[in-house]
Amino acid sequence: MTPEIGLTQTSRHARHGSNIGQPLTRRDGILKVRGEAPYAADQHPAGMLHAVLAVSTIARGRVTFLDVNAAKSHPGVVDVMTPAHKPPLAEDPDAKTNPFMFRMELLQNDAVRYAYQPIAVVIAETLEAATEGAALLAPTYEIQPARVGLDSNDSFVPPAVGVGHPAVIERGDVEAGLASASKRIEAIYETPAQYHNAMEPHAIVAAWDGDALSIDTPTQGLAMAQGRIAGLFGLSADKIHIRSPFLGGGFGSKGLISGPQILGIMAARLVGKPVKLVFRREQMYGPVGHRAPTRQRLRVGADGEGRLAALDHHAKITSSSFDDFFEPAADASHTLYASPAIRSSHEAVRVDTGTPLFMRAPGEATGSIALESAIDEMASACGIDPLDFRLKNYAEVEPISGKPFSSKALRQCYAQGAERFGWSKRPPAPRQMRDEAGFLVGWGMGTATFPALMFQGAARAVVRSDGSGVMETGAHDMGQGAWTALAQIAADGLGLDLDRVEFRSGTSDLPDAGIAGGSAHTATAGMAIHNAGAAVIAKLADLATSDQRSPLFGAGNAGVIARDGRLFRRDDETRGDSYVDILTRAGLTEIEARGTGTANPAAQADYAMHAHGAVFVEVKVDPDLGQVRVTRAVGAFAAGRIINPRLVRSQLFGGMIWGVSFALHEEAVIDRRSGRIMNPNLAEYHVPVNADVPSLDVLLVDEHDPHVNALGIKGVGEIGVTGSAGAVANAVWHATGVRVRRFPIRIDDLVVGHQ
Amino acid sequence: MKTFDYVRPASVSDAVAAATEPGAAYLAAGTNLLDLMKGGITRPDRLVDITRVPGLDRIEPMPDGGLRIGALVRNADLAHDAEFARSYPSVAEALLSGASAQLRNAATVGGNLLQRTRCAYFYDTASACNKREPGSGCDARIGENRLHAVLGWSDACIATHPSDFAVPLVALDAVVEIAGKTGRREVALEDFHRLPGDTPERESVLEPGELLVALRLPAEARGFSAHARYLKVRERTSYAFAVVSAAAALRIENGAIRDARLALGGVAAKPWRARSAEKLLEGQRPDAASFRRAAEAALADAKPSGDNEFKIELAQRVLVRALLLALAGTPKRVPALPASPFSSPAGAFA
């Protein structure tokens, strides 16, 4: 199968009437099960060579020698790209002219800034020869001591956190609030470095034809990647064609094109042939970002009634020695709980690692596990059930801004989730429940939240004279189901059944659908599709209502609706005209229009926009051996309009499993002296396996939001992680009476006598 | 890539002859060796693929009532052999708690016993490791070592042996048959793996060219089948190596322990037979108090090799629990979560 065929998905499910809201199965599911979905690394253009990264084994210093001759002498090796031998770039890889432009290592010098940093690229006729060539480089280094961990360097207040948010925000007087509180807690929570570990390693197949560049690579942001490549190579963007029909997971690591992907393009230019470069698993533990470790101090005060008097959230985080990304962990306290005084503040430390970046719910996830733990601790200190405590401190307006919420069905989430879980039977004190086998049983909960964001996207809609339609937008399917959900929106936008719509996506020559990140892709690309559909229907209506031969003549645009490949008079549905007839009479083979999707700044100024949820978790803990098992998890989420409940439930399941992973499993183990990550593989970097997650239940709570966008979509990609991790931690406390504040919770923490 | 010879001998004697030269390595399923080669951790000059050697893939009853298991029997095939699972249930349970279903379908009995440690510093070729590169030092000793050995370690090496399978085998006096240039010899599995001392690169008593051809379980070991369990504490429910594991087997007569067999996994460079603890249990009433005394004896010589003091207490608790589970009786079928604490039947807690 050629990729071009693979990009054009047609439906196997004829649906009539509204497509939005239908729980369709993935339209690309059969392709994937058969192994026919073309991923980047599956491409083999004629004459292609293989490139392999040589990466640094030290975390800080410089490369003093590479045995290039040994590598080049190896049979099959074609060339070795090094700082001394590489194609020129039009832009300094260390230039930074906007906050989304992250510095990369493109062999610009011999400096080593982190372990696993690329220091050379070996290009060969076979993968094996390139691999051996990379080994033969046997680099030597001038080593400087690595700075590892949150205490290894002086700290400073970052200029901004996340995407341009202030590092310190205070509303009300936190110190006064704490002083006045009748109950106060202060606790420190620590989270480790985590790595995205998408199943599909980053990969690129690059081919130059003169100044035209053809690329297969997984990306969550086709247009941004195109722009970054254009800048680095001094090309105009329209010379660069990127195909990214499928991603084997991204989670933020494929949001921005990474240095090694650019190295693949440079390698292709150097040798004048197509080149494939696929990362080894351990090479994903440096140059593609990670979730920075955090140490968070929460100070919480409450009055005698259990109402918050002050909430102070301070996060110490790491960033790299050479670039700025600051995990906005403390911002998690901005939105959830009403408090007359809230402060978030951040302090950062530069260490010798790759630059941390966006990783599924960046800031929200790290902040949430600390906040939800602290809220649980305060509920316990006040002698109030954790759910009652959260309801007592329910935020009717966004606490940090005072803005009303565009919609907020969190109360319903709490109620429906608690009902399904059976929360009312929870004994308040810890270590009260045992199962029939004697295991400690604990119930915990957490509140989930994630902002409802939108970026800017565009789409092109076509209606053809055979009655079919086309919708084009360069969207990204990371596995979340964009091929299906966006096609559903397209079908409704065009007034056609899904099987009459050809949905084209996943390439850079299509209209920019905006980045697949921030849980904003369905809203952004969906609104672009919706508006493009509306625009083409309006053109069709123009044709019909101005055509005397049409039954709709004289009806006027506003009086016409589209459905099932026909336009109808709104006031008299017996009078209609088919797309086929309208276009045929007009002598047109097709008609097209474009639409864009973007946030409404007026609504954003007036309203706080967030999705919400409530997660309830049961754990069992072996009282002697400390092993923990999550036995039940119920999540109730309100995220505006749900386009495809089957896919959304999968997204939320995935998020909740990530929460379990955060609380109990995931940790990059970093050697304290060398700065090397000691478990850079999926055998030792633990994420949950099926047996770790026996029962998951997701409730989709009805929510209509008239402000976020016309479709009412809020996004579901990241919210599932938040709340869930804290709920697991709180359940472990409820089971054992041991409050573990360093994550992941380990057996060591629960083996009594070694807490 | 690094070139190596690949030979596919047709007999054990041809295999031994082919593997005697330095730099040769036997290849069976390759579930460990190929990863090690891809990572540059081992770089053999010659692979001797024994998968076509006839006669090594049989499970055979022996005249004396024992069982002989060929080195090429697949882990999954052995675990699902009904007669084997009935006679040696804790061994079947241990096998099914290891790796993943896919790996168990491929991996062989002999390969399982000869798998290398999972110490991260052994796998990371940028780190010093006496096992990988004798004399280079041990970065684990001052590194991230909360999962390393608490028994039998040396300053040269603190790695643990990762096999689950080997733990109940050692407890049950399994024997391995070894073929060499001068014929065959037998070694008790307990003596097969070596402690690191100053030569951690030597992990077993195999001499160059020697081939493990079979594993034998004695008839006597069947006498424990009513009270034999394997318990494995790990950081996720499946596809994780043991933090600590224990095999316990009891023969109980007239309310007293006639015989006990105990071994620990995840605590040392070899599966750790706890003979002193076994002796303490003989003639004792089987209860939590006697089990705890035995567990304390088993770990009496333990000392942390790093941030792993918790493993000493944990190992005692795992041993006590394994004994309680064994006392409660072997389940009729291997539990759905083999060797997991969460497969415990009611009443297992002290």
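# Salt bridges, strands and burial

Visitor: Which residue forms a salt bridge with A:Arg739?
Guide: This is a predicted model, in which local features need pLDDT of at least 70 and side-chain atom pairs count only at pLDDT 80 or more, while totals for chains, interfaces and linings use all residues, and side-chain values use heavy atoms, with hydrogens and water left out. Residues are numbered from 1 along each chain as its sequence is written, whereas chains are lettered from A and ligands numbered from 1 in the order in which they are written. Given that a salt bridge is a side-chain nitrogen of Lys or Arg within 4 Å of a carboxyl oxygen of Asp or Glu, and that the closest N and O atoms here are 3.0 Å apart, the partner of A:Arg739 is A:Asp376.

Visitor: How many residues apart in sequence are the parts that this pair ties together?
Guide: A:Arg739 lies in the loop between helix H16 (724–736) and helix H17 (747–750) of chain A, whereas A:Asp376 is in helix H8 (residues 364–382) of chain A. Helices (H or I, at least four residues) and strands (E, at least two) are DSSP runs, numbered from the N terminus. With those two positions, the pair ties together parts whose separation in sequence is 363 residues.

Visitor: Is A:Asp216, which meets A:Arg243 in a salt bridge, buried or exposed?
Guide: The side chains of A:Arg243 and A:Asp216 meet at 2.8 Å, N to O, and the pair links strand E13 (residues 240–243) to strand E12 (residues 212–216) of chain A. Buried means under 20% relative accessible area, exposed over 50%, and partly exposed in between (1.4 Å probe, protein chains only). A:Arg243 has a value of 11% and is buried; because A:Asp216 has 8%, that residue also counts as buried.

Visitor: Which residue of chain B meets A:Arg673 in a salt bridge?
Guide: A:Arg673 lies in the loop between helix H15 (645–664) and E29 of chain A, and its partner is in the loop between helix H8 (120–123) and helix H9 (166–171) of chain B. The N to O distance is 3.5 Å, and at 36% relative accessibility A:Arg673 counts as partly exposed.

Visitor: Which residue of E6(A) stands opposite A:Leu53?
Guide: Two strands pair if DSSP finds at least two bridges between them, and strand E2 (residues 49–55) of chain A pairs with E6(A) in the antiparallel sense over 6 bridges. Strand E4 (residues 77–81) of chain A is likewise antiparallel to E6(A), over 4 bridges, and A:Met81 stands opposite A:Val121. In strand E6 (residues 118–124), 7 of the 7 residues are buried, and the residue opposite A:Leu53 is again A:Val121.

Visitor: Which strands stand at the edges of the open sheet of 5 strands in chain A?
Guide: The order is E18-E19-E27-E28-E29, with mixed pairing, and 2 bridges join E18 to strand E19 (residues 440–451) in the antiparallel sense. Each edge strand has a single partner, so one side of each is left without a neighbour in the sheet, and these strands are E18 (433–434) and E29 (696–700).

Visitor: What radius of gyration does chain A have?
Guide: The quantity is taken over C-alpha atoms, and the globule rule is 2.2 Å times the number of residues to the power 0.38. Because chain A has 755 residues, a compact globule would be near 27 Å, and the value for chain A agrees, at 27 Å.
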